[in-house]
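User: Hi! I'm new to protein structures and would like to learn how to read one. Could you walk me through a few features?

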Amino acid sequence: MPEIYDLVIVGGGPAGLTAGIYAMRGGLKALLIEKLAPGGQIALTEIVENYPGLPEISGAELTRLMEEHAKKFGVTIVNEEVMRIEDEGSSKVVKTNDKDYMARTVIVASGAKPRKLGVKGEEKFVGRGVSFCAICDGRFFQNKDVCVVGGGDSAVQEALYLSKLARKVYVVHRRSQLRTEKITQERAFSNPRIQFVWDSIVEEVAGENKVESVLTRNVKSNKERRISVDGVFIYVGNVPNTDFIDVRKDESKFIITSDRLETSIRGIFAAGDCRAKPLRQVATAVGDGALAAFHAERFIEESK
Ligand code: NAP
């Protein structure tokens, strides 16, 4: 007989690690499967300032603390990639690149990955000026000019981070309003190194062997503008990592859940950024993880 876990958690970001802590404390036999290193996208964030109790902490340190916390309660973490989850009624089969795991319940906390712009030059210059991670690549642009694309929290926060390294940071946004926390907006507006390029989209990333410029177009006037930059940081939202599971999703592939965070398959729950919800933050991911583990535990009790 194969080993049956009470709970298999897919993903080791804040939602998955929190689910692990709650599951272990609830006495469940749980396994957490993470493709890479724990932490998810928050591990690549310079500073987190809105997680209660920790007024200023680096994403890497917060991740380290969460992983240490989960391991303290005995969460087993394996590094494999989940390829598919199959529903066999009272048990679920989680198929990874290495083996199959049987579970009574599953929490999908697989997060999201950066969305691409899909413009000419974007793919070609990845690693040669195009980046999706300022904290990983920002140091290559010391005293150079860079551009950030997007108008959300990620774009503006990363523009602020890059302004400490780069000479000038252009923020190219398709509207004239940001969807960023007010405090972050004010910091960006008063930063002399940040210049906003409003109502504009990037049409092309250009260069010879590395990025040399971006071609933008003002969506109101249709006027094109070539801006000389050495780096382009793309922050235009996220695409959820949900292809490996067939459950009900919204039009952007985020998983739709009930109030119990249950998906359209009984016994399979979703938590964190892969779930359809209005606010994606560490605080809400942690809340999701706790709630999903609580309901998984209840589900097991009720199924006995
Ligand atoms: P987001 O909030 O979805 O913002 C994406 C931005 O990219 C928007 O400004 C959007 O423009 C723009 N955009 C989308 N597609 C585009 C395209 N094809 N071309 C040009 N621009 C495009 O994504 P995010 O900033 O990565 O944030 C994701 C979630 O994480 C959010 O819930 C956010 O609040 C959260 N987050 C929080 C923090 C924090 O708490 N400090 C930090 C980072 C992220 P429009 O505005 O016109 O739609």
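Analyst: Happy to! Let's begin with contact, which here means heavy atoms within 4.5 Å. Keep in mind that this is a predicted model.

User: Thanks. Which elements cover the buried residues of H6?

Analyst: The cover includes strand E1 (4-10), helix H1 (14-25), helix H2 (59-72), strand E8 (100-108) and strand E19 (268-270). A residue counts as buried when its relative accessible area is under 20%. In H6 the buried residues are Val282, Ala285, Val286, Asp288, Gly289, Ala290, Ala292, Ala293, His295, Ala296, Phe299 and Ile300.

User: And how does the length of helix H6 compare with the span it should have?

Analyst: Helix H6 takes in residues 282-303, and at 1.5 Å a residue its 22 residues should span 32 Å. The C-alpha atoms at its ends are 31 Å apart, which agrees.

User: Now the strands. In what order do the three strands of the open sheet lie?

Analyst: For a sheet, look at which strands pair. Here the order is E14-E15-E16, with antiparallel pairing. Strand E14 (200-207) and strand E16 (224-228) each have a single partner strand, so they stand at the edges and one side of each is left without a neighbour in the sheet. On average, neighbouring strands of this sheet are turned by 25° against each other, direction ignored.

User: How many bridges join E14 to strand E15?

Analyst: Seven bridges link E14 with strand E15 (residues 211-218), and the two run antiparallel. As an example of a bridge, alanine 206 has serine 213 in E15 as its partner.

User: Can we zoom in on one residue? Is arginine 225 buried, exposed or partly exposed?

Analyst: Arginine 225, which lies in strand E16, has 36%, so it is partly exposed. Leaving out residues up to four places away in sequence, arginine 225 touches Tyr170, Gln195, Val197, Val214, Leu215 and Thr216. Arginine 225 and alanine 283 are 58 residues apart in sequence and 40 Å apart in space, C-alpha to C-alpha.

User: Last one: pockets. What is the volume of the second largest pocket, and which helix gives the most to its lining?

Analyst: Rolling a probe the size of a water molecule over the atoms shows where empty space is left. The second largest pocket has a volume of about 260 Å³. Its lining includes Thr45, Glu46, Gln157, Tyr161 and Arg187. Helix H4 (153-162) and helix H5 (182-189) each supply at least two residues of that lining, and H4 gives the most, with four residues.

Conventions:
Residues are numbered from 1 along each chain as its sequence is written. This is a predicted model: local features need pLDDT of at least 70, side-chain atom pairs count only at pLDDT 80 or more; totals for chains, interfaces and linings use all residues. Side-chain values use heavy atoms; hydrogens and water are left out. Two strands pair if DSSP finds at least two bridges between them. Axes are lines fitted to C-alpha atoms, for helices over the stretch in contact, and angles run from 0 to 180 degrees between N-to-C directions. The expected span of a helix is 1.5 Å times one less than its number of residues. Buried means under 20% relative accessible area, exposed over 50%, partly exposed in between (1.4 Å probe, protein chains only). On a 1 Å grid over the protein atoms alone, a cavity is a set of points where a 1.4 Å probe fits but cannot get out, and a pocket is an open set with protein on both sides within 12 Å along at least five of seven lines; lining residues have an atom within 4 Å of a point. Grid points are joined across faces, edges and corners, and a volume is the space filled by probe spheres set on the points.
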